[in-house]
Amino acid sequence: MRVLVIAANQEQKPDPVVPLGAAFVAGAARDAGHDVRMFDACFLGEKVLPELINTLRQFQPDVVGMSIRNIDDVCWPQGVSYLPYYRKLGVCIRAVAQDARFVLGGSAFTLMPTQFMRAIEPDHGVAGEGEGAFVSLLATLEAGELPPRLLRAEPAGFPSTHPALDLLDIDQYYQRGGALNVQTRRGCSFLCTYCTYPVLEGRHARRRAVCDTVDELESGLLRYGAKHFFVVDNTFNHPTEHAAEFCEELLRRELNVRWTAYVTPAGMTEELLRLMARAGCGSVEYGTDAASEVTLGALGKSFGIPEIVHVSDWSRRAGLKFAHTLILGGPDETPATMAETVAVMEKVNPTAVFAMLGVRLYPNTQLARRAEREGLIAEAEIGIEPVFYVSESVAPTLEESARALAASHSNWFFPGLEGERWTRFWHRRRTHGIRGPLWEWMGQATADPAHEVIR
Ligand code: B12
C-alpha cells in the first residue's frame, strides 16, 4: 500500500526537533513492505497546505498517518494551542485524499485520544507506540477488513525497527536544530504526580540493544556529517547500567561526538556523570522541578535537596554544563517554598534554569485527581485546551515574581514569558554554526562560543 506519514509539528522553539516518532512509524511500515513517504511540515511555514495538497495529489496514498507530537506549548501565561492548525491539516487531507484512510497517532494524541478523535475526526487513531499497531492496522486494511476506530498499543519490548531518517531532511534539522536524535530506551517508573511519561511509554524501562542504538547513531552521524546528538529518553540515567553501557559503547567505537541528555537527580552518581563526560556528553538537563522539600513532595519527586546539590557539584566537576528545569507555582507552592527553590538554585549555580509557571494538567495523572478534589476542574473535562494548576497561595503574584526573577538572572529562561525574544537570539546563533543546545551559552550573551564548539 502507499502510505504517507505526516510529521505535523511546526514548532521551532526551543529548536526544531527531528520527528523521531513519525520516522519510527514510517520505518516500521516500510519494513513491512509498504511504499512509504514522509511529509514533514516543520520547515514549510505558511506553505504547508499547498505543499500537502501537491504531495497528496502526486502520491495518491492509500493511508495517511498523521503524527501529532505537541498539543500546546505548556506555557503559562503566554501559551499556544496547536489544535486549530491540526484541524486545518485534517480538513485538507479529507478533502484531497478522499479515498485514503486517515490515521492519527503521536504523543499528544496518546495523551487524549478520544478528544482528538472528536476534534479532528480521523478514520482511526493509534494511542501509544505506533510501530506494531500501525503495521497491524495496515495489514488489516490490506486484507480488506476494517480495523477498530481506536487502537491502544500496550508497551512491549523495544521494537527492532530503525527510524526512516532518510525520508526526512536531516541536514536542515542539523543546521537549524543543532542535533540529531536518538532513543536508547522507553518507559518511566517514577511517580511524579503531574507527569505523562508513564501514560506515554509505560511504567517499566524497556531497553534497546545498545549496539543497535549506537549502530544507528554511527551511521546517521556519518551520513549527515553530524557530531551532535540529543538523547530523547525521558530519563537517560535509568537504569544506570544501561546508561553506562551506552557510554562504554560510544567510547569503544571512539566516536568523536558531543551530546546532551535529560536526566534525573534520583539515583544519579558521580561515576556515571564522569563516564558520560568521557563519552562525549557536553551537557545534561535535570528534570528537577523544585528545590524545596514541600513542593518536591507535592510533585512526587524521588529525590530531595541534598541530591540536587550533589548532582550539581558532580556535573560541574565532571566538566558538564547543566540545566535545572523548574515548575514554579505548582501544588503546595507558597512564597516561602518558591524563595527556597530560588535560593538553592542560586547556590548550585547551574549553566541555565528553565522555569515553567504552573502545571499543565493532563488526564490520568494524580494531579488531575487532586485538581478535581479541590474543585478546580473535573478530570473528565481536562482536554486539548490547556488548563494549568497554579497554587492559590502564589497565583496572584506568580507572573510578577517570575518577571522579577527573569530580570535578575540572565541565565534563567521562562518560556511562558519570553515571546519571540529568544527565538531571534537563538536563530542568530544557529546561523553562526553553533550546534548542541543553545542554553549552554545562556548568561554569556556577549561571549563568542565558536572556539569551543565542535563543528
Ligand atoms: C525529548 C523531548 C523534548 C526535547 C526534544 C529534543 C529533540 N532533539 O528531539 C526538547 C526538550 C527540546 C522538547 C521540547 C518540547 N517539548 Co518535549 N518531549 C520530549 C519527550 C521526553 C520525548 C519525545 C521523543 O522524541 N520521543 C521518542 C519518540 C520515538 O516517541 P513519540 O514521538 O511519542 O512516537 C511514538 C508514538 O507517539 C507513536 N507515533 C508517533 N507518531 C505517530 C504517527 C502515527 C500515524 C502513529 C500511528 C503513531 C505515531 O509511535 C512512535 C514510536 O513508538 C516527550 C515525552 C515523551 N516521553 O514522549 C516530550 C513531549 C513530546 N514534549 C512536549 C512539549 C509540550 C514540548 C515543548 C512544546 C515544551 C516547550 N514549551 O518547550 C517543546 C516543543 C519542541 C518542538 N520543537 O516541538 C509534550 C507534548 C504534549 C503537549 N502538552 O503538547 C511531551 C509529550 C511531554 C509532556 N509534557 O507530556 N521536548
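Okay, let's start with helix 6: its buried residues pack against strand 1 (2–7), helix 1, strand 3 (63–67), strand 4 (101–105), strand 5 (124–127) and strand 6 (150–152). Keep in mind that this is a predicted model. Which residues of helix 6 are buried? They are Gly130, Glu131, Ala133, Phe134, Val135, Leu137 and Leu138.

I also looked at the length of that helix. Helix 6 covers residues 130–142, and its 13 residues should span 18 Å at 1.5 Å a residue; the C-alpha atoms at its ends sit 17 Å apart, so that agrees.

Now, the core. The largest nonpolar core has 132 residues, and Val64 and Ala355 touch the most other members. Helix 1 (residues 20–31) supplies the largest share of this core, 8 residues. Both domain 1 (2–152) and domain 2 (179–452) give residues to this core, so it lies between them.

If we skip its neighbours within four places in sequence, Val64 is in contact with Leu4, Ile6, Ile93, Ala97, Ala100, Phe102 and Val103.

The centres of domain 1 and domain 2, taken over C-alpha atoms, are 27 Å apart. Their contact takes 22 residues from domain 1 and 24 residues from domain 2. On the domain 1 side, helix 4 (107–111) and helix 5 (113–120) each supply at least two residues, and helix 4 gives the most, with 3 residues. What's that side made of? In domain 1, the residues touching domain 2 divide into 12 nonpolar, 7 polar and 3 charged.

Definitions and conventions. Residues are numbered from 1 along each chain as its sequence is written. This is a predicted model: local features need pLDDT of at least 70, side-chain atom pairs count only at pLDDT 80 or more; totals for chains, interfaces and linings use all residues. A nonpolar core is a set of buried Ala, Val, Leu, Ile, Met, Phe, Trp, Tyr and Cys residues joined through C-beta atoms within 7 Å. A residue is buried if 20 or more other C-beta atoms lie within 10 Å of its own, exposed if 12 or fewer, and partly exposed in between; C-beta atoms are placed from the backbone. Helices (H or I, at least four residues) and strands (E, at least two) are DSSP runs, numbered from the N terminus. Domain bounds come from an automatic or database domain assignment. Two residues are in contact if their C-beta atoms, placed from the backbone, lie within 7 Å. The expected span of a helix is 1.5 Å times one less than its number of residues. Ala, Val, Leu, Ile, Met, Phe, Trp, Tyr, Cys and Pro count as nonpolar, Asp, Glu, Lys and Arg as charged, and the others, Gly among them, as polar.
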